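Hello,

Here is the structure I said I would pass on. My notes follow below it.

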Amino acid sequence: MEAGVGGGGSGDDRDIPDPHDKRKRYHRHTAQQIQRLEAVFKDCPHPDEKKRLQLSRELGLEPRQIKFWFQNRRTQMKAQLERSDNNALRQDNDRIRSENIAIREALKNVICPTCGGPPGGEYFDEEKLRLENARLREELERITSITARYTGRPISQLPPVPPISVSSLDLSVGSLGGQGMGGHALDLDLLASSSSSDPQLPFQTTAISEMEKAVMADLAASAMAEIIRLLQTDEPLWRKSTNDGRDVINHESYERLFPRACSLRNPDTSIEMSRASGVVIMNGLALVDMFTNLNKWVECFPTVVSRARQIEVLSPGMEGSHSGSLQLIYAELQVLSPLVPTREVYFVRYCQQIEQGMWAVVDVSFDITRENQLVSPLQCRRLPSGCLIQEIPNGYSKVSWLEHVELEDRVPTPRLYRDFVSSGMAYGAERWLATLQRMCERFACQMVSGASSRDLGGVDGRRSMMRLAQRMVNSFCANISASSGRWTTLSGLGDSGVRVIAHKSTEPGQPTGVILSAATSIWVPVPWQNVFNFIRDERNRAQWDLLSHGNSVQEVAHIANGSHPGNCISVLRTLNASQNNMLLLQESCIDSSESLVVYSPVDLPAINIAMSGEDTSYINILPSGFAIYSDGRRDQAAEGASSSSLQGNTSRSSGSLITVAYQILVSSLPTARVTVDTVSTVNNVISNTIHRIKAALNCPRS
């Protein structure tokens with residue numbers, strides 16, 4: 001029995017497979033699969049779906065297994081390569097460290113080449129100076145080459161400069177001490193560049209209490225009701241002027257409707273109030289977004305707002321419509337001339353959607369007091385001012401604008417600009433609205449998808465050029481007004497004189513180093529539109545531009561940015577073989593209140609970058625140009641004329657106010673000093689430019 005069982009058992013054992021053999025066969029099969037996959041991976045690390053299906057049939061695996069294996073293998077290969085690179089870098093690091101140690105030990109035994117003794121500090125100082133001199137020589141050659149390309153000859157060959165005298169040559173960045181103009185350099189403490197979106201406040205801000213926030217909200221709501229009524233009511237509140245057709249407030253009716261507790265004001269204060277309305281090529285929501293976004297607001301009014309800062313957002317308003325938005329803002333308002341003081345305003349801005357498609361934006365000054373002391377003692381208070389926005393079809397809006405300010409005449413307006421400011425043309429509603437209309441046209445042109453035959457670079461190139469030109473205009477406006485600092489007056493050109501100021505530039509988009517700005521303002525007995533048309537026309541440039549040396553100027557690119565033919569961007573080239581690589585980027589703009597011609601030298605590679613639609617924020621721009629206004633004096637022939645259009649303003653005034661401004665890079669070294677020769681040369685350039693313009697316009701000799 002036992003033998004039978006044993007015999008039967010031994011027969012059964014022969015039929016049962018050995019589990020170890022099965023495991024071996026599995027491993028052999030798996031190894032063959034991996035070997036096959038490795039072979040495919042060497043030739044094709046990223047097999048497509050067809051290849052993965054073929055492998056799955058061939059190896060008896062699921063397609064997902066094939067896909068995940070290749071993903072894992074690629075990850076492993078990447079990790080191996082990174083480890084290999086790290087090892088190589090570690091070896092290079094060890095080698096460099098050993099070399100540094102060897103060099104350090106060798107320096108301990110260095111011998112002076114002159115005396116054979118141990119080295120002194122003088123040898124190494126001399127080496128440093130030699131290297132610094134070589135670097136400065138290269139920098140001088142580079143700047144000289146650029147100057148020669150732009151002017152056609154070195155600066156030493158410019159006409160001789162007549163001697164000028166200086167009154168308190170402070171330049172607002174330092175002083176001469178006891179030196180006169182005979183010194184070789186002006187030892188200046190240079191002003192650092194300041195951002196227009198974050199200026200320093202003229203007073204110290206403190207935390208705003210909840211009670212003050214509630215008072216601000218009540219004040220804004222009251223101002224909102226007042227401005228809506230003032231903008232929607234005509235007689236008896238408003239009457240038409242018999243001189244120019246503008247709206248004039250009836251003060252008796254106004255004080256009867258809106259009695260104020262502060263009616264017993266300082267006798268030295270004056271009130272300015274104006275109203276205007278017009279159609280804007282922008283929808284209402286986009287306009288509201290622009291008014292509630294401080295950066296967009298400053299971008300839209302570069303000729304009016306020199307600097308602005310959002311002090312606090314009291315209420316963000318409703319998302320989308322911005323209704324209920326309430327913010328506290330500080331701003332400086334300007335006329336583009338160093339002669340006219342800026343107006344500092346500190347106000348609450350409130351936005352409210354009145355009904356579907358209609359918004360109101362109101363500004364009103366709020367005086368913060370601490371312990372019965374005024375925290376914001378500014379000379380200009382913004383009484384309820386702002387605009388009413390009504391959407392109309394086709395993406396347009398009707399905008400009604402009101403300006404109402406109370407001004408303390410602490411600093412008198414210069415005689416040259418007195419009529420211009422007192423007429424309301426400098427800070428009135430007409431100027432705000434005209435600027436808004438012109439800038440909205442510019443934004444619309446920038447968004448157009450088509451390109452004219454004179455445009456270069458297509459749609460992207462046109463938009464890039466428009467952004468570059470806008471940055472140039474913004475920089476020009478920010479650097480020629482009185483907000484730039486304390487200007488120093490050089491005698492020799494009328495009562496206003498040439499004014500200069502220097503600052504140190506470190507911002508991208510401007511040449512790094514010391515920049516000298518010079519400007520002057522004059523009056524000419526020529527209508528301001530005629531002056532604008534003369535200066536902007538490249539065919540007339542040789543008559544006034546000293547740096548063109550009498551050579552003709554050709555327009556090689558043209559971009560329209562408004563309905564008026566004078567609103568355009570041009571790329572100009574002087575017809576001179578020695579200046580083929582240096583071009584001029586120019587933007588001219590005009591509306592019913594002001595006009596600008598701004599230009600800057602830009603080399604050909606930079607223009608090519610802009611034309612190709614690439615980022616232009618790092619292209620260096622150093623603008624010069626002209627700001628042109630009406631002088632504000634009414635001509636007898638202007639009685640009864642309308643002020644509603646640019647053409648209607650042709651006979652409104654008897655002359656023009658022109659600000660001429662130049663900027664030059666004194667040195668790319670931040671520690672450089674402004675020399676007397678540089679100041680004299682710039683003074684000479686501006687004086688000769690003024691004389692040439694007057695002669696070309698047939699102005700009588702003063």
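Helices here are DSSP runs of H or I with at least four residues, numbered from the N terminus. Please keep in mind that this is a predicted model.

Alanine 478 lies in helix α12. Alanine 478 is partly exposed, with a relative accessible area of 31%.

On the α12 side the contact is made by Gly461, Ser464, Met465 and Leu468, and on the α15 side by Ile607, Ala610 and Met611. Five of these residues are nonpolar, two are polar and none is charged.

Now the salt bridges, of which the count is 23. Glutamate 594 forms one with arginine 431, at 3.2 Å from N to O. Glutamate 594 lies in the loop between β20 (582–590) and β21 (595–603) and arginine 431 in helix α11 (residues 429–447), so the pair ties together parts 163 residues apart in sequence. Both residues of this pair, glutamate 594 and arginine 431, are buried.

Glutamate 594 also forms a salt bridge with arginine 438, with the closest N and O atoms 3.7 Å apart. Arginine 438 is in helix α11 too, 156 residues from glutamate 594. Arginine 438 counts as buried because its relative accessibility, 9%, is under the 20% cut-off.

Lysine 296 and aspartate 289 form another salt bridge, at 2.5 Å from N to O. Lysine 296 is partly exposed at 39%, and aspartate 289 is partly exposed at 22%.

Regards

Conventions: Residues are numbered from 1 along each chain as its sequence is written. This is a predicted model: local features need pLDDT of at least 70, side-chain atom pairs count only at pLDDT 80 or more; totals for chains, interfaces and linings use all residues. Side-chain values use heavy atoms; hydrogens and water are left out. Contact means heavy atoms within 4.5 Å. Helices (H or I, at least four residues) and strands (E, at least two) are DSSP runs, numbered from the N terminus. Ala, Val, Leu, Ile, Met, Phe, Trp, Tyr, Cys and Pro count as nonpolar, Asp, Glu, Lys and Arg as charged, and the others, Gly among them, as polar. Buried means under 20% relative accessible area, exposed over 50%, partly exposed in between (1.4 Å probe, protein chains only). A salt bridge is a side-chain nitrogen of Lys or Arg within 4 Å of a carboxyl oxygen of Asp or Glu.
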